[in-house]
Structure formats: C-alpha cells, structure tokens
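Student: I am new to this kind of model and would like to learn how to read its features one at a time. Could we go through it slowly together?

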Amino acid sequence: MKLTAWALAMAAAATLAEFHPYEQASAASPQVQPAQTQPPAAAGQQEPRRRREVSAEERAKIEAALPAKALAAPKRPRKLLVFDRQVNYGGHASIPYANLAMQLMGEKTGAFTATLSSEPGALAPANLQQYDAVYLNNTVGDIFDTPEIRAGFVAFVANGGGVVGNHGTSVASPKWTEFGDILGAAGASHREPNEKATINVEDPTHPITRAFDGKPFEQVDEHYRLGPPYSRDKVRVLLSLDPNATDMMQGRCFGQCLRDDNDYPVAWIRQHGKGRVFYTTLGHNPDLFWDPRMLAMFLAGTQYALGDLEADATPRPRGTSRFDMALAAMTTYDFGQDPAHVRRFEREVTLAAATKEGAADAEQKMLKVLQSQAPLGAKDAICRQLAIIGSSRSEPFLKAMLKNKNTEAMARYALHGLQAK
C-alpha cells in the first residue's frame with residue numbers, strides 16, 4: 001500500500017534526530033535545575049538525557065524579556081506541568097530555555113506554579129489530576145505510550161485540563177491519532193532551522209497576539225508545515241506564515257513543504273471538550289525564549305489554557321484582508337505599469353479560491369471592479385483570473401463586455417475559460 005505524502009512527512013518527523021544530529025544532547029551538559037521537579041526515575045527506568053546548561057548571560061536575557069505581570073488574575077492558585085520527555089530523540093536545543101522561561105514566568109507574574117519533569121510517570125492519571133494544564137515542551141516521540149496514560153490524558157482534557165504545546169509537540173505520539181485531534185494537527189514537515197519567514201498576525205485584537213501590535217514580522221525558525229487533522233474549521237488561527245512574502249524554497253525540505261491550499265498556520269487556540277488548547281509551531285531555536293513578544297504570547301496562551309484568560313476560540317476561515325488590498329491596488333493598474341501588482345493579485349486570488357466560499361467571495365468582488373471605471377489593464381487581469389475561478393455568475397457581466405471593442409478580447413478569453421471547465 002502506498003503511503004500518502006502526509007504519512008511520509010509524519011514518518012520523517014518521527015526520526016527528526018536523523019535530520020539534525022547536531023541537536024543530540026551532551027551527557028556532560030546538565031540542564032538548568034528547576035525549583036520543582038518530579039521524583040527521580042524508578043529503578044529500571046532509563047535516566048533522561050541531560051541537555052546543555054543555560055548560561056548566566058542567557059538566563060539574564062530571559063529574565064529581561066519576561067512579562068511584568070499576568071494578563072488575567074488567576075481564579076485560584078494554578079499548577080502547570082511542564083513536560084519535556086523525548087523518545088528516541090536527543091531533544092531540541094531550545095528545551096531548557098523554554099523550561100526556564102516558564103518557571104521564571106510563573107514566579108514573576110504569579111499566574112501559575114510550574115513543575116518541570118521528563119519522567120514518564122508525570123503523565124500518569126493519578127499524578128496528572130493535580131495540575132490545571134500541561135505544557136508539552138517540544139515533546140517528540142511516543143510519550144503517551146500506554147493505554148492508561150492515553151485514556152488518562154483524554155479524560156484530563158475532556159474534563160477541563162488545559163494543553164500548551166510548541167514546535168515538536170505536533171509529533172508527540174504520531175501514531176496515536178486522538179492526540180492530533182486534541183492538539184489540532186499532526187506532522188512536522190519543514191526546511192532548515194534557519195528558514196526566514198514573514199508571519200502575519202491574523203487576529204490583531206486577540207488577547208493572545210496583542211504583543212505583536214497587528215504588524216507582520218520576520219521570524220527565523222524551523223517552520224512546520226502541518227498535516228491532518230488540521231483544518232480552520234477546528235482551530236482559531238492567530239498567526240500564519242505568509243507564503244507571498246516568504247521565499248518558500250529556502251534550503252532542504254524534509255517531508256512535504258508546500259501545501260496545496262497555501263495555508264501555513266503558526267499559532268492557534270481551540271477547545272476540546274471542556275479543555276483549552278494553545279499551540280505554536282515556533283520554538284526550535286533557543287532565542288525565541290528571550291523575545292518579549294513571544295514570551296507575552298506564551299503567557300497569554302498558557303493563561304488561556306489554565307482557564308483564567310478569556311479569549312475567543314471560535315474557528316473562522318482565512319481572512320480576506322490581503323486579497324482586498326491586492327484588488328484595491330489593481331483598481332488603478334494599467335498596461336505598462338509595474339507588473340508586481342498583477343503578480344501579487346494573482347497570488348492572492350489563488351489563496352482566496354482555496355475554498356469554495358472564498359472563491360465565490362473573490363469572484364463577487366472582482367465583478368464589482370469590472371463594472372467600475374477601472375483601467376483596462378486592471379480589467380484584463382481580472383478577466384484572466386475569472387477564467388480560472390469564475391462561475392456562471394460571471395457570464396452576464398462578461399457578455400456585456402463583448403459589446404465594447406476595448407474589452408471584447410479580454411471578456412472572450414474569460415468566457416472561454418468558464419466554458420472549458
């Protein structure tokens with residue numbers, strides 16, 4: 001039986017260590033010791049790998065970047081389990097930085113008390129029930145490895161336990177499909193960890209993304225391309241990678257790096273039963289955890305998962321603002337001007353038409369421009385796109401254009417495209 005492209009991507013992600021051997025942990029480099037940890041592993045259990053130490057200089061950077069206070073007053077004293085177990089993988093270099101950042105964040109803001117652990121028993125139902133939420137810190141591999149732990153985690157979330165996850169969490173227990181349902185996605189196709197991408201803030205007024213001031217920003221990371229069950233019908237996307245402003249062919253590709261729908265989510269929230277989930281694909285590189293904006297987002301996402309920060313998790317389709325701006329720019333375009341406007345418009349039409357509803361909305365807006373006093377260059381570009389995504393709704397408008405010698409050829413081209421479908 002042939003594997004699907006996404007199945008191949010997930011299989012590749014399950015062996016991330018082969019892709020990044022330089023991330024293998026050093027036995028001589030201890031992790032920063034937390035204020036609270038789980039008891040040592042029981043006899044016979046393998047000791048967790050020890051990771052690099054956070055230097056005093058790096059700790060100072062994290063401390064300087066921490067939010068000053070909680071975004072919402074805790075409804076009661078909150079306990080957060082920060083869990084970073086790896087299975088058959090050395091672990092991302094950023095793990096100790098995230099651990100320390102969450103520990104210090106809880107201490108400084110009073111939003112929660114963090115307990116750090118990599119012990120398998122930390123996810124046992126009897127232990128898990130004492131926490132309000134679990135932060136899965138770059139967990140890779142089958143961390144939910146027994147029926148008891150899986151059933152306990154499902155019950156924990158269904159009954160209101162929160163989940164926070166970043167980066168490698170999308171390949172935690174990749175063969176357990178129910179975890180993908182809880183998180184909202186699975187898989188980890190990606191390029192190199194120094195891929196520079198432009199990130200759009202899809203929901204500028206949302207409390208979890210407020211620190212970004214609604215402005216796109218560049219981020220260097222190992223940006224994931226996620227697979228099923230990801231759907232905008234199931235999650236509230238807050239940040240997304242902008243494929244139009246990013247070189248999508250940087251470096252090697254591990255898995256499937258181009259999605260057919262051109263949709264690359266970077267952060268979202270969702271509800272699962274009574275539980276709340278916050279996940280971001282970011283977090284491969286340590287410097288993320290001394291970026292004040294990122295730490296503000298992690299605090300907000302964690303307080304949402306804990307149940308203290310109210311935030312709208314209603315799923316919604318991809319926004320149309322970028323298409324609207326590209327179409328608005330086309331209303332003044334004419335032959336002989338900078339063709340970059342046309343290329344941008346064509347890309348945005350492709351993105352808008354990824355769904356049936358989006359295509360219908362884009363078509364309606366383009367027809368309004370055809371009826372306006374827009375230059376011929378704009379109308380020609382629109383007709384070319386209607387030939388691709390248009391419907392019978394366009395035909396009356398295009399047939400009317402056949403009566404004008406200046407628009408006859410472009411209208412005929414569009415009609416030919418519609419009839420060829």
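Student: Is Cys-253 buried, partly exposed or exposed, and why?

Tutor: Please keep in mind that this is a predicted model. Buried means under 20% relative accessible area and exposed means over 50%, with partly exposed in between. Cys-253 has a relative accessibility of 32%, so Cys-253 counts as partly exposed. Cys-257, by contrast, is buried, because its relative accessible area is 3%.

Student: How many disulfides does the structure hold, and which residues form a disulfide?

Tutor: The structure holds one disulfide, and Cys-253 and Cys-257 form it, with their sulfur atoms 2.2 Å apart. The link of Cys-253 and Cys-257 is right-handed, with 105° about the S-S bond.

Student: In what order do the strands of the open sheet lie?

Tutor: Strands of a sheet pair through backbone hydrogen bonds, and the pairing is either parallel or antiparallel. Here nine strands form an open sheet with mixed pairing, in the order 2-1-3-4-11-10-9-6-7. Strand 2 (113–117) and strand 7 (217–221) each have a single partner strand, so they stand at the edges and one side of each is left without a neighbour in the sheet. From one strand to the next, the twist averages 20°.

Student: In which sense do strand 6 and strand 7 pair?

Tutor: Strand 6 (residues 195–201) pairs with strand 7 in the antiparallel sense, over five bridges, and Thr-198 stands opposite Glu-218 in strand 7.

Student: Which strands does helix 4 lie across?

Tutor: Helix 4 (residues 95–109) lies across strand 1 (79–83), strand 2 and strand 3 (133–137), and runs at about 155° to strand 3.

Terms used:
Residues numbered from 1 in each chain as written. Predicted model: local features only at pLDDT ≥ 70, side-chain atom pairs only at ≥ 80, totals over all residues. Heavy atoms only, no water. Pairing = 2+ DSSP bridges. Helix = DSSP H or I, 4+ residues; strand = E, 2+ residues; numbered from the N terminus. Axes fitted to C-alpha atoms, helices over the stretch in contact; angles between N-to-C directions. Contact = heavy atoms within 4.5 Å. Disulfide = S-S within 2.5 Å. Buried < 20%, exposed > 50% of the residue type's maximum accessible area, 1.4 Å probe, protein only.
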